[in-house]
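Subject: Structure handover and notes

Hello,

Here is the structure we talked about. Please open it alongside the sequence, then read on for what turned up.

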Amino acid sequence: MSIAPPQGFRYIGKKRRTKEDPRFVTGRGRYVADIALPGMKHVALVTSPHAAARIKAIRTDKALALSGVQYVLTGAELCAGTEALLPGVDAPKVTRYPLAHGVVRYAGEWVAAVVADTRALAEDAAEKIEIDYEATEYVLDPEKAVEPGSPLVHPAHGSNVLYRRKFVWGPVEEDFARAEHKLGLRVRWGRSATVPIETFGIAAQWDPGQQLLDVWASIQMPKYPDQIARALRLPGNAVRVHFDVDVGGSYGVKRGIKHTVLVGYLAKKLGMPVRLIEDRLENMRGGDMHGPDRIFDLQLAFDSDGTIRSLKIRALDDVGAYAGRSPLQLGKPVGAIVGPYQIHSVEYEPISVMTNKTAQEAVRGFGQSPTNYALESGIDAVARHLGMDRIALRQKNFIRKDQFPYLIPSGTSYDSGDYHAVLDKALAAADYPALVAARDAARKAGRLAGIGISSCLEPSGGNSSFEPLFNPKNETTTWMDSCLVRVDLSGAITGVMNTSSSGQGHETLVATVLGEVLERDPDTIRVVHADSLNALPSNSPVGSRMAIMLGGAAAGAARKIKAALLAIAAHNLRKDVAELEYHEGSVSVKGEPRQTLGWAQLVEIAHRKFHQMPPGLEPGLQAKFVWEVPTGGGLPTADGRIQMYPCFSFEAHVVLVEIDPETGQPKLARYACGHDCGVMISPDIVHGMTFGGIAHGIGAALYEKFAYSDNGQLESQSFMDYLIPSALEVPALTIADHCTPSPHTTFGQKGSGEAGYLGAPAAIACAINDALAPLGASIAELPMTPLQIWTRMQLARAGN
Amino acid sequence: MMPLMKAAPFAYARPETLAEACSLLAEHGPDAKLIAGGQSLVPMMAMRLARPAWLIDIARLAELQHLAAPAEGKADGVFVVGAGVRQCVMERDPRARASLPLLAKALPWVGHVQTRNRGTIGGSIAHGDTSAEIALTACVLDAMLELCDTSGVTEIPAREFFLAPMVTAILPEQCLAEIRFPVWRSADKTIRRGCAFEEVSVRHGDFALVSACAQLELDPDGRCLRAELGLGGAAPTPLALPEVGAQLVGAKLDEQAISAAAAAAVALADPEGDLHASADYRRHLARVLVERVLRAAQQDARSTVGT
Amino acid sequence: MSDDRVYPVSIEVNGTLREAQVPARLTLVDFLRDTLRLTGTHAGCEHGICGACSVLLDGEPVRSCIMYAVQADGRKVTTIEGLAQPDGRPGALQDAFCEAHATQCGYCTPGMVIAAHALLETNPAPAEQEIREAIGGNLCRCTGYQQIVDAIKLAAGKNTGNAA
Ligand SMILES: Cc1cc2nc3c(=O)[nH]c(=O)nc-3n(C[C@@H](O)[C@H](O)[C@H](O)COP(=O)(O)OP(=O)(O)OC[C@H]3O[C@@H](n4cnc5c(N)ncnc54)[C@H](O)[C@@H]3O)c2cc1C
Ligand code: FES
Ligand code: FES
């Protein structure tokens, strides 16, 4: 595809209102919980109180005796009636069903589902279900779980290790041997997640006449309809997912396969519409949406001048008791394993391990943010070791803008970037000298203050190459998206997208792109979400891909419309297309503006005047465009090199933190982020997602953790204990934009759906450690809560 | 914990008078619960951690809505607050702010604007949370609580009311009717008075890990004439520390006196550890916060002249 | 366990008197959403923390998930729908939210608008810190709050005649 220059756009990159906002600000969004089907029944769940146990007996009679209770479903029936859900790696014995059968593997696992006339009645009945358990041994510590002899979460699998491989890319041992210095460090990323304010929900209805299951869900999941159909043993065309449901936030986690299989099964079995809207406690414990929980062991080899030669990373990730795509979250970072740095060789050992905890799901960045945090911690450790300035060290090792495309050791080629310029912009936006002065003044006054820096990549475009990389039996290389555009008889344009949205502003994206290509006002363009039976292929908005993939598809379809309009005009004006020019929907003969066919005339010909249509051209005005991820679609080499994602956005964070020297409470005093995602199609949307990503990163760095007690109970199950930052924890945020267009995309755009989140935790951790450095204290674990910070301060003070 | 978020069924009554409310309580005994603002009770009922068979709504009882400042000119008096007065009303009331500056400083720490619009002064006290700011203030100021039931009225000092986490001396058939906060004033215009409230929570608006407050009177030389202080979240109940206050009387509040007081306060603290704070951390915060409120209250006293 | 007895309630919602028979345990948010089908008010936690369910009760912002419908009997409730223009288009504050792109998924948005509305009613020209305090009990996972703060400043600027 050609690269359009970043300037010279009509609508792209302009401050424009979004299409979605008016319905949201007036309360007229349509979320899954807003959907009322006549006669709809409600599900409540009975969950395991044990981290691991055998289910001896389930007695449901008291529950069934309550009036208004329709049904109680247990694992025995559901497992017989559905296919197991499988993990994304090759582990066929690690099966999952929506309800436990025979054994439970974490506290909170669903054991029975009650269907009743109201949710309150269903909860009344859930309390009446009696279950006899025999508690069994469990394992919570991932490092213990990998050891032989530890209790097995899935005994049939023979081990708690779900995936493990050591990749070596380049002459690692030689580079280590040659380097003047080496150091090792361990950092830990705590179990947190995206925790959208809307929980997961699904409503389903079975039509026996049509043999069709209609599904409305709060969903962001590739291949969702196919997976439900497979599990429910239905043909793919017997499931219709309505993608016109507004999703109240997802950022990766709204996968809901088990919920949907459960509810779909019940709706079909009972012949009644059924819905399950998770309440917050279910969502936190049994919703299977915890994020990565990783221990990183890093080794770096470097020279006295700061040149980093080689890197070894071992990443042990605790995926909990079951796995969907979660082990693959160790795979995506392969495509940016050296970050923005020129590092010659890399060894990477991802280990995905199961424990008796809630299952992990995809979280914003798909494993990249933890890896970025580990890598940036390593860079800071090198700077400390050498006594070198952190910024200078980064600048020294950055890939230079003249080195793109840049092939990293793991086989991915970075498309473009100017890391030096973006870091400079971030430092300028933060007024770095003033920041240093503020920090030093605070220190002089006896307070603790620190500056954090991070420079991180956001791989975007989502080609999902981690699937074949981590599972040789999976040869998926197609990872397409598409768009359908129609111009109706009245001349109005409608874009059809093929997945649901969860706040990313896709309708605005499609309208802006269609408007740009067709030179029509985006405000007049409608964008709708097809249902899955009407939809063209889509892989849903994962992997920061929609600006690239849906934007590219919309442009491709619009260009076909434009080509059709030109062909109609050429035929009617009796000219060659080359002699014509297209302007705002009209076509004229170059240099003869009076010879023009206007939009309305062209549309009329297409729709009504077959006799004026050029031979061979389809009547009506519609076009579809389906395409594969640019650069995407290869299988990995034997040593595991692969092009993971096509485009690489970059962000540099600069943050000033103050820590109360007595209480350990951190406070973010100043925050600036330099950001380059190529050409921004809608700046407001890009900025919004970046602000949100930073706030989410602040949560992961300082506040949020799914904490478990020693007996395997989730302790932070409610919003009283799982602490999402509010407007009082998130400071005023400044973003400095930079634009390095991608050569691979339609307009030079890159992805930004994970922006902010990919660098914020690293920067904040860096700032906290800078603040603690004068005490000789440090922390290598997220979240850095006041208790954690104070504990480290105490230890350091006691040591002095 | 089962994932339940809809209350168990219950019957609801909204009596017109306090007497009626008390007879409903007498009739249903421990099966009944009063609901005032509902900001603590309703979440507990949603999770079915509380499951009263009867809910008796006292939020609109006119008899619980009074606010009465002490008559002008009297020396120390009491500020009477109906138990049903909402926290937001108290926060805005100019007489309350003038008479009970410590409570005025405590209230902004209680939840958020929205919870203060519903939550009541009495409900917060009756709920009995160890880190409730209003309960702590009542203890520190040595407020008197008036409880009523069908047989009449009993009084109990706030300092004797709290027994254990969420356990108070109130009987199932009793309703907290009013709180009488002693107001510190005197004819002697040279006396300076100050107060402070501080707390540490992980996020703003969360329940305090530890809170502390103090109210002082100083003579023109800065010598302490009277001091009351206390700690929230540092023991199973809100903790007034009159013995520590007494230790400060007669002293200049220099750093030495302040840190001795803080040490004495910590010696009386008995915190529990939880997810967000260990017992040690709470003890440490208690010391830090006592020092801070004593400094801040002294600063406050210096900047204001007695009324 | 007793059965769900129902109680009559009459509540003025967005200027219209609504009467219904409801079980005592029906929360105000469920009453608005399920009984009246006013689905603009959202439930995010149902235990009083997130603020998504905020509505105005007699003009003051409260959380409708920790209040039973029976407690609102005889009172006035304004929901997000009630802040729009009569034809359903955004009202002035809602329009400022659009202008600043203060919403993404829209799930927290009704609660945010309610909280902001209540702030501006009592404090037409709030400082940034006052804005953050007013929305401090409303969680948003999408926006990082920046554009929400900007929107409220913008609306306040229009209030006082100073463009922000
Ligand atoms: C998000 C959030 C944050 C909060 N943060 C804080 C905080 O930081 N600090 C804090 O202190 N509180 C906090 N709270 C709780 C506070 O808002 C409540 O208002 C208060 O604890 C209870 O007051 P209420 O009127 O709402 O009582 P209710 O919830 O109605 O009742 C609480 C208990 O007291 C009993 N009761 C109520 N009134 C009486 C009476 N007159 N006589 C006898 N018994 C009675 C009830 O039966 C019940 O057991 C928070 C609440 C929420 C939802
Ligand atoms: S839903 Fe009411 S505060 Fe969260
Ligand atoms: S806009 Fe999505 S939670 Fe606020």
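Does B:Glu155 count as buried, partly exposed or exposed? At 47% relative accessibility, B:Glu155 counts as partly exposed. The cut-off for exposed is over 50%. Bear in mind throughout that this is a predicted model.

**Salt bridges within chains**

B:Glu155 has a charged partner. Its side chain meets that of B:Arg180 in a salt bridge, at 2.6 Å from N to O. B:Glu155 lies in strand S7 (residues 152-157) of chain B and B:Arg180 in strand S10 (residues 175-183) of chain B, so the bridge ties together parts 25 residues apart in sequence. B:Arg180 has 17% relative accessibility and therefore counts as buried.

Chain A has two pairs to look at. In one, A:Asp214 forms a salt bridge with A:Arg240, with the closest N and O atoms 2.6 Å apart. A:Asp214 sits in strand S11 (residues 212-217) of chain A and A:Arg240 in strand S12 (residues 239-242) of chain A, 26 residues apart. A:Asp214 is buried, at 8% relative accessibility. A:Arg240 is partly exposed, at 23%.

In the other, the side chains of A:Asp523 and A:Arg16 meet in a salt bridge of 3.0 Å, N to O. This pair links distant parts of the chain, 507 residues apart. A:Asp523 is in the loop between helix H15 (506-518) and strand S22 (526-529) of chain A, while A:Arg16 is in the segment before H1 of chain A. A:Asp523 is exposed, with a relative accessible area of 54%. A:Arg16 is partly exposed, at 22%.

Over all chains, a search of the whole structure finds 91 salt bridges.

**Chain A against chain C**

This contact involves 58 residues of chain A and 52 residues of chain C. The two chains bury about 4,300 Å² between them, 57% of it on carbon and sulfur atoms. Three residues, A:Arg17, A:Val25 and A:Ile197, supply 17% of the area that chain A buries against chain C, more than any other three residues.

Five salt bridges cross the interface of chain A and chain C. One of them joins the side chains of A:Asp34 and C:Arg33, at 2.8 Å from N to O. There are also 22 residue pairs in polar contact between chain A and chain C, both residues at pLDDT 80 or more.

Which elements of chain A give two or more residues to the side that touches chain C? They are helix H1 (21-25), helix H4 (119-128) and helix H18 (683-703) of chain A. H18(A) gives the most, with nine residues.

**Chain C against chain B**

Here the contact takes 33 residues from chain C and 35 residues from chain B. About 2,700 Å² is buried between chain C and chain B, 50% of it on carbon and sulfur atoms. The count of salt bridges between chain C and chain B is five. One is C:Glu60 with B:Arg86, at 2.6 Å from N to O. Polar contacts across the interface of chain C and chain B come to 13 residue pairs, both residues at pLDDT 80 or more. S3 and S4 of chain C each supply at least two residues of the side of chain C that touches chain B. S4(C) gives the most to that side, with four residues.

**The sheet in chain C**

Those two strands belong to an open sheet of five strands in chain C, in the order S2-S1-S5-S3-S4, with mixed pairing. Strand S2 (16-23) and strand S4 (60-63) of chain C are the edge strands, each pairing on one side only. Neighbouring strands of this sheet are turned by 40 degrees against each other on average, direction ignored.

S1 (residues 6-13) and S5 (residues 76-78) of chain C pair in the parallel sense over two bridges. C:Val13 stands opposite C:Val77 in S5(C).

Two helices lie across the strands. Helix H1 (residues 28-35) of chain C lies across S1, S2, S3 and S5 of chain C, at about 80 degrees to S1(C). Helix H3 (residues 109-122) of chain C lies across S3, S4 and S5 of chain C, at about 40 degrees to S3(C).

Helix H8 (residues 133-140) of chain B is mostly covered: eight of its eight residues are buried. Just after H8(B), B:Asp142 takes a positive phi of about 60 degrees.

A:Ser464 is in the loop between strand S19 (448-460) and helix H14 (466-470) of chain A. A:Ser464 counts as buried because its relative accessibility is 3%. A:Ser464 touches A:Arg325, A:Trp479 and A:Tyr645, leaving aside residues up to four places away in sequence.

Best wishes

Note on methods. Residues numbered from 1 in each chain as written. Chains lettered and ligands numbered in written order. Predicted model: local features only at pLDDT ≥ 70, side-chain atom pairs only at ≥ 80, totals over all residues. Heavy atoms only, no water. Pairing = 2+ DSSP bridges. Axes fitted to C-alpha atoms, helices over the stretch in contact; angles between N-to-C directions. Contact = heavy atoms within 4.5 Å. Buried < 20%, exposed > 50% of the residue type's maximum accessible area, 1.4 Å probe, protein only. Buried area = accessible area lost by both parts, 1.4 Å probe. Salt bridge = Lys/Arg side-chain N within 4 Å of Asp/Glu carboxyl O. Polar contact = N/O pair within 3.5 Å; in protein donor to acceptor, adjacent residues only side chain to side chain.
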